[in-house]
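Biologist: I am new to this structure and would like to go through it with you. Could we have it on screen?

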Amino acid sequence: MIYDLNEERNAYLQARGKIILNACPGSGKTTTIAQKIIELDNSNEINSYSGIACLSFTNSAKDEINEAYTKLSGKILKFPNHVSTIDSFINRFITLPFYNILNRDFSRPKILDHTNILNDMWKNEYIGRDGKLREGLKRPLNNTEYKAKNNRSIFYAYPPSSIRIEPNGAFTVEGKTPSNGTVDIDKFNKYCQLIKQTQFKKGLISTGDSAFIALHILRTNPKICQWLALRFPFIIIDEAQDNSLIQHAIFEELSKQGLKNIELIGDPYQSLYEWRDANPKEFLKKYNEDNSWNSFALTDNRRSPQKIIDIFSILRKVDDAKINCLDNLFIENSIIVYKYSGNNFQSIIKHYENLCLSKTLEKNNIVVRGNSLKNKLLGKTTEERPWGIELPKEIITAKNRFLGNDIKNSINEMRTISVKLLNPKSDYHQLKEIERNRKEDHLFNSLLFKILNDLPSFELTVADWTIQAQNFIKEKLGLDYEVDFKLRNRKSKYFNKDKTLNESVGIHFQKSYSESNIPITTIHQVKGKTLDSVLIFFNDKKHINNILFEDISNLENSFPDEKKRLIYVAMSRPKKILAMAFPDSITDESIFEKFGTDIKIISEDEIKEY
């Protein structure tokens, strides 16, 4: 693999110190990071006992950096270098090894995958005056000092899993100040102190808690910062637009205490994780305003033709640097528009499938915002709930991923399911430890593959599949107890017993891909991917979670909100074709006015052919 160097890339590769790189879609960001690592590796700037830490927001992005490095260098990136997610780096090198600094009597910490356990640890059961078993709260949460203004425990308004500690030490509810009409702020703070102190003593911490603890450790123990700066004199952070404020604060603290070389690399227009505390405006602030950071940009797009670039650039500010196509300047009919009504979704999908087939496009994706429209595309209406537990649905989801060639995630999901079934008496921490240990067990992984491959067919009725699947899982895992999916025996709002039991599983729990194996997913699932084509279905009704034709604009010339950034991410994935489906209420004139006339609107007659 040959690395293509230009002036922008060369400027970044030569830079040292506090670096911030704003990289547009398709700019070869991952390859550029890999080249930087190679050049640093080959230089005399790093001692033999030190390495480069290359961090990213997700495991998939981290894996891409490893792959790019291997393609460029022919080697595997190994110790003393370190590639991981940001959360993993914080846990491994700061929180876990130095947790005992907080207090000697704290338990060994465990990082929680799911935070519901933080709520469950405060719940208990008791016998009421009527003799019935009831659910309540452990002391002292029902005491007066922990009650909201409705005279119920603050727990019910703000459960422990929603409580967060900000970089300044303030308590919030998922980043927001609690309502004064709901709770007295002093009582809220006292409640939060109790929750977090109890939780930390038990060693139960979320990734958010871990980040706050890490920041506290670094601020109060400068020598740890100095040690990390020696161990990793270069820290490169990919997808940095998705860093939270507290993650920014951690790396700023390392910089203050001796880390000389730190790089933030990303594209604020592709920040999609505000619900997980992503703060793209902090990235922009450093890039545009903070003189302590050296700002660089990559503006050449190697992925898409100029017409596709011009379409997604509608969402950018007019004073932003123009994104230019480097290869494939023009591809005929690179912009395709469909119009849907309530009954032609499948015809549009079929037309798109044949279009991809005729042009030998291999990597394609159909994307939507939210599950409601996604279910319509899959032919689903209301969700049936024939079982009293989530286990059968989890098995079906893993199998559908397997059928859609998402082998890695299907195996991971089946491993989680199987570990729970094989260890029914183990608690959360024990299960996670077992799961981690069995991840490298190749014989166990082979069994999981066979289970997914041989599961009873989804063509069976719900009733028959339930019986066969229960027996199948018991036999394959060698369980010494009966597996019970708790098939319901009464009609309910979500279960038409007389009808559903005699219909196939496939009707009610359909696969998440088209007949030609094109994935049908939410936009979040294609972030970071390069595709040959993408078909985006836009919603027909205004809703906080919907994306509309009208959202493809930036009339205010301002940094777009997350909804518009979703559209930007989806539109910037394809190399060959960007297809969009709008409700048939959108006129041709409106479409041409927004996108220009150099596009192809597929007529109703063309759609009907399929």
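Biologist: Leaving aside its neighbours within four places in sequence, which residues is Y340 in contact with?
Modeller: Counting heavy atoms within 4.5 Å as contact, Y340 meets F345, I348, F537, F538, N539, D540, A581, F582, P583 and D584. This is a predicted model: local features need pLDDT of at least 70, side-chain atom pairs count only at pLDDT 80 or more, and totals for chains, interfaces and linings use all residues. Residues are numbered from 1 along each chain as its sequence is written, and side-chain values use heavy atoms, with hydrogens and water left out.

Biologist: Is Y340 buried or exposed?
Modeller: Y340 is buried, at 4% relative accessible area; buried means under 20% and exposed over 50%, with partly exposed in between (1.4 Å probe, protein chains only).

Biologist: What does its side chain reach at 3.2 Å?
Modeller: The side chain of Y340 reaches the backbone nitrogen of D540.

Biologist: Where is Y340 found?
Modeller: Y340 belongs to strand β15, residues 335–340. Strands here are DSSP runs of E with at least two residues, and helices are runs of H or I with at least four, numbered from the N terminus.

Biologist: Turning to helix α13, which of its residues are buried?
Modeller: They are F345, I348, I349, H351, Y352, E353, L355 and C356.

Biologist: What follows α13?
Modeller: T360 follows α13, and its phi is positive, near 50°.

Biologist: And how far apart are the C-alpha atoms of Y340 and E604?
Modeller: They are separated by 8.9 Å, although Y340 and E604 lie 264 residues apart along the chain.

Definitions and conventions: A polar contact is a pair of N or O atoms within 3.5 Å; within protein, one must be able to donate a hydrogen and the other to accept it, and residues adjacent in sequence count only if both atoms are side-chain atoms.
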